[in-house]
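Hello,

Here is the structure for you to look over. My notes follow below it.

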Amino acid sequence: MLNKLSSRWHGHQAQNTPRPAYLLIADIIADGINSGEFLPRDRLPPLRDLALSLSLNYTTVTRGYAEAKRRGLIDSRPGLGSYIRGKVPSMPLSGGSSYEMTMNSPIEPGEDLAQAISEGAINLFTQQNILSLLRYQDFGGHADDKAMAKVWLEKQLPPVNVEEVLITPGIHSALVGLLTLLCRKGGSVCVSDLIYPGLKAIASQLNITLQSLPCDEDGPLPRAFEHQCQTGHISALYINPTLQNPTTLTLPLRRREALADVASRYSIPVIEDEAYAALMTEHIPSFSELIPELTWYITGMSKCFGPGLRTAFVKGPGKRNTQLLAGALRALNVMASPITNALASQWIQDGTADRVLGSIRAEAGIRQKLAADILRPFNLRASPEGFHLWLLLPHHLHWNPAEVAVKLRELGVSAVSSAAFCTDNNPPDALRICLGGAWSRAICSENLQTIAHVLAHPEHYHSIVL
């Protein structure tokens, strides 16, 4: 390799190429790769050897290798030297822009529904006094908004007492309020070994310990939960039972019943985060149905309408407990935006919310089939009614999920490493991929193909496995 680089260098020198030496080194490496003379995993000569051969100083050669690495031509690892990456299979990207898969955003509604959304907003502001929406209101929502929240909640629950309902500015804010309320006297919160990263951030900010429960294919193990309850230091169980983020798991009824039985025997409150429940057509009894006296049921509009609609609905375990949460949330948030609440109510009342939900569900099914086809050779978990998937990386490659996520971002595709969700310091070799967030099904397909190429051609991404 040293002779090959030297030969190309002297050929360029003979042509009096007016180019800085460090850039010329990177150009030579690129030329060798394009011509096929330099092959993947070819080892480059040590910096000092090349500097001596080319009569250059060490710093110049170092800058040349750094430029080649910046262009994606080589990889370097301390103690292992520098290697040729090779020519990456050509994958067209959409305008060079990154398709955002890191935020778990729902699929965008089509043009027809966008028009219906717009018309609903116009009708609201035409019929209602806008000034009334700019004033302070009691926390938990206006009576009319609570009535619509009740309508939405009863799509997943049996008849709801409106006195047990609160409207909050998003599920995240509801979780902040609940952890503040339930853990003010100390204690830990039991969680799955993989959970919504936002809850990890909230717990860290509030200095609340999360006790990770081992899981099997049905969810958290009841025996592990009971063992934690026996310590006497558990303040709540947090559970995301439907289309769990990130694994896409929906807990079967038998596991819900077993966990609910433990919670009931030890009087442990349950925080039931049902951000995705509205997407499911099959109804499985919720914790709020199994142990209503202990369960805080939370759902919202962001995952089944749009992330900008920061409106969530909480059904508490009785009127008194609901009032206690209202006090905690009032101190943290003052109130949910009356304008946002009114918009959510308008779209629920005129049927637009149901139409958007149906559209998201239908398109999710199409994109999940697309993903299953493109990623067929690989191990993934998904639900046809959800808009994210859990991609397990091939074990024999020993890839670091965080590094794979970085490589994918370099190719214009965003993904989230398992470490972001992990609560037991033992993240699996997996990535969460979001199939929503873009208008175009074609963009989704292109980026799934990019992911498939990365997994199918590890020789072009050897830095991940070194």
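Ser6 counts as buried because its relative accessibility is 9%; buried means under 20% relative accessible area, exposed over 50%, and partly exposed in between (1.4 Å probe, protein chains only). This is a predicted model, where local features need pLDDT of at least 70, side-chain atom pairs count only at pLDDT 80 or more, and totals for chains, interfaces and linings use all residues. Residues are numbered from 1 along each chain as its sequence is written, and side-chain values use heavy atoms, with hydrogens and water left out.

Ser6 sits in helix 1 (residues 2-14). Its side chain reaches the backbone oxygen of Leu2 at 2.9 Å. Leaving aside residues up to four places away in sequence, Ser6 touches Ser53 and Leu54 (contact means heavy atoms within 4.5 Å).

Next, a helix pair. Helix 5 (residues 111-127) packs on helix 14 (residues 352-374) at about 160 degrees, with the axes 10 Å apart. The two are therefore roughly antiparallel (angles over 145 degrees). Leu113, Ala116 and Ile117 of helix 5 meet Thr352, Arg355, Val356 and Ser359 of helix 14. By class, that contact has four nonpolar, two polar and one charged residues.

Now the backbone. Most residues other than glycine have a negative phi, and most peptide bonds are trans. Asn245 and Pro246 are joined by a cis peptide bond, with omega about 20 degrees. Val334, not a glycine, has a positive phi of about 65 degrees. Val334 is partly exposed at 47% relative accessibility. Asn425, also not a glycine, has a positive phi of about 60 degrees. Asn425 is exposed, at 75%.

Best wishes

Conventions: Axes are lines fitted to C-alpha atoms, for helices over the stretch in contact, and angles run from 0 to 180 degrees between N-to-C directions. Helices (H or I, at least four residues) and strands (E, at least two) are DSSP runs, numbered from the N terminus. Angles under 35 degrees count as roughly parallel, over 145 as roughly antiparallel, 65 to 115 as roughly perpendicular and the rest as oblique. Ala, Val, Leu, Ile, Met, Phe, Trp, Tyr, Cys and Pro count as nonpolar, Asp, Glu, Lys and Arg as charged, and the others, Gly among them, as polar. A polar contact is a pair of N or O atoms within 3.5 Å; within protein, one must be able to donate a hydrogen and the other to accept it, and residues adjacent in sequence count only if both atoms are side-chain atoms.
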